[in-house]
Amino acid sequence: MKTPILEMKHIRKTFASTVALGDVDLNVYPGEIRGLIGENGSGKSTISSIAAGMQKADSGEMLYHGKTWTPGSMIEALSGGIGMIVQESGTIQGVSVAENMFLGETKQFPGPFGSIDRKAMNTKADEALRAIGIQNVSGATPMAALDFQTRKLVEIAKVVMKDPEILVVDETTTALSQEGRQILYDLMKRLRDEGKAVLFISHDLEEIMEVCDTLTVLRDGAIIRHFTKDEFDADQIRTSMIGRELQGDYYRSDFTPSHWNEVAVELRNVSFGEALEDVSITFRKGEIVGIGGLSHCGMHPLGKILFGAIRPDSGEVVTGSGVRITSETVAMRENFGYVSKDRDVESLSLTASIRDNIAIAGMERYAVNNFLMLSSREKVYVDKQIADLSIKCADRDQSVSQLSGGNKQKVVFGKWIGRGSEVLILDCPTRGVDIGVKRAMYQLMAELKKEGKSIIMISEEMPELMGMSDRLIIMKDGRITKEFERSADLSDTEIIKYMI
Amino acid sequence: MEQEAILRKYKLRQRLIDLLPLAALAALFAILCITVQSKGYRLDMYLKIIFNEGVVLAVVATGAVFIYTLGSFDISLGASTLFSATLGVMTYNATGSLPLMILVIFGVAVGCSLLSSVLASVFHIPVFVTTVAMMSVLSAIAAQIITTNGGAVGGISIPSALVKPLDNMGFKIAVLAIFWLICFFVFDFTKIGRKQKFLGGNPVCAQLTGIQVNKYAIIAFVMAGIGVGLGAFLTLVYTPSVTATTAGSIGMNIIVAIVFGGMPISGGPRSRIYSALVGGFSYILLNNILKLVIDSNIGYGVSQIVSAVFFLAVVYVTGLNYRSQMLPR
């Protein structure tokens, strides 16, 4: 029997009114990739973040190589041997890649008169980036110039260059393209082969079964079961996660493309920098249009252009009734809704309550004379969204920052669906949400389609694009390379050909 | 059951935290009464001074809450008050018209405030930066006018008989109450206030929710400008003269007052309009208590240090409370 690198005993943690962890014991052994899986809010991120020094447990004990482990910060934990790649953005925008990577450690690059030798720092950063296979980013590059995926890769390089004994990877793969994922998988395997350990958190059961050696299932802040590789069984794991068997279809069960005749919105010859080149698409009412491609194919800016958040260099976005979408305000007036990929920055105000976040977009639905805000009417409006979407919360006044990723995403959905958005632009709508929530979201999308809403789903997840779309548009280098109609015969290998 | 108990405990704690600023105000009031009486001074005189100082700070701070809610600062509010009062006095002395004086005071106050926000919007720089520049410019112009027309020490003035009928508690309470109620209504019961709070919490998300950043910033500055105008007028009602130092410390005092009143310094959804009222009077009470307790020769410096320490402590405690509520992202 191996001796664990890390022993966590009777760990308990509460956030305000939420019990995140009850009384959790977890051991991490050398030479293993241990998956942590569970519904949103099950406590996966909390237990791993306590190990990595992001926060302290209310009670319990941790032993690292048999000695008491009480890291005061993530930097302290990393220098002690436990590093974590967080779920959302863990970098600082206003400085360079190298400055992010050596944050708080620039003293190791002394320059003249107490300054920093930036050249040496950038070179060291370049080496660390290349070491994990990132070729196209340099240490001198401003962080703000990088997209979400590349920022994540920089974060990975930052943690790995410290040679941690335990690497915590918290729902990182959903932010990465296939290429980025491969970099991470190779890295995890290398660490395991070197006798180190990886705690890998993901909602993708297929991925976790492929990559991990052992698996721990959490539910409602408690450990439900540990699985060894030979015990891996998708149905059993799912049942352990949610405490019941999943009923009904996951994706749409029909394979016939359908839509109403009316045009909802049209992109006409839109170009934007190097991201988009002469793109024209017509979206109809009652239709789910999937837009897929590699991360940099231009699909993410396309979503923002549709919502008026980015002005294209040329071309226009026009609604079915002929209104040009020139700003977010016009888009809102025309009943558009936009769910951003970067949820915590662009879709939610984390300092606000669930009530504030849901109510803000739908004020015209309940305000008296579109002006006077009455608490009683607002409560009814917000409570309906909470009930319809089964948002797991203490009450409507709870801060969204206290919610798990999936419940945050439900709040974002509630914000746009509650106001009756006719055109919904969903950029990676199921990023970081568990299978139960995913299924609920797919069912909701199918319902909205029936009601005649136009849904534009931008996604890097091939199964959901194929499973939900009436029409699937594939993009590459800012151009449309292929359009597929919904069909039972669609294969991902056929689609991928047009992406790469 | 355990979850319900934790929720109940949490809500109770939140309610207590919400009541802390009011409790602090009551405690400071009690301490002042005890201190004044133990020193054998006249309590009514002290209460009158505190009321007159507090009402100006509370009025200007109430308007300023709209700016602070956006996560911005306006350091020029004191200079704007001085500048508006100066031009008001000059107008009265030139025309002999009280309505015109009032009109000029409000016009100048709102104009200065608007100018700060428009400059920030045109040049795409933080509002705080433009207000720093405005503070220097307005103070310099007002000082020049005062020095040229009445001397730096004596200042310029209007006849005291003109505003004497208004120099009473009833009028000032009415002004404060009406303005506060209007602000309260706009802040908590209209789309304007709700959008401003959301904007302060996350401007990027607000913009992607169709909220026009510039429009709501301008509305905030107009509200603050009205507060400055009222503050300038009440200052003239209390002392019908203006010197180069009039209202000089209001800009900084507002920041402290709003935080004392329980509003987060970063603004956003947890902003409260009553923070200005409670914090304004708390701050004036604290200052006066310190003046009474500490030796008069070193009193000013020490009281400033004590206020600063108190301020940092309040910001730290509120920040700590918020940070502990964050789930890992």
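**Group meeting: a sheet, a helix and an interface**

Let's start with one pair: A:I473 stands opposite A:E483 in β19 of chain A. This is a predicted model, where local features need pLDDT of at least 70, side-chain atom pairs count only at pLDDT 80 or more, and totals for chains, interfaces and linings use all residues. Residues are numbered from 1 along each chain as its sequence is written, and chains are lettered from A and ligands numbered from 1 in the order in which they are written.

Now the strands. β18 of chain A, residues 471-476, pairs with β19(A) in the antiparallel sense, over six bridges. Pairing takes at least two DSSP bridges between two strands. Strands are DSSP runs (E, at least two residues), and so are helices (H or I, at least four), numbered from the N terminus.

Both strands sit in an open sheet of six, in the order β15-β16-β17-β13-β18-β19 of chain A, with mixed pairing. Which strands stand at the edges? β15 (336-339) and β19 (479-485) of chain A do; each has a single partner strand, so one side of each lacks a neighbour in the sheet.

Next, a helix. α16 of chain A, residues 435-450, lies across β13 (288-293), β16 (423-427) and β17 (454-459) of chain A. α16(A) runs at about 145° to β17(A). Axes are lines fitted to C-alpha atoms, for helices over the stretch in contact, with angles from 0 to 180 degrees between N-to-C directions.

Last, the interface. 43 residues of chain A are in contact with 27 residues of chain B. Contact puts C-beta atoms, placed from the backbone, within 7 Å. Elements giving two or more residues to chain A's side include β1 (6-15) and α1 (44-51) of chain A.

Technical notes:
Contact = placed C-beta atoms within 7 Å.
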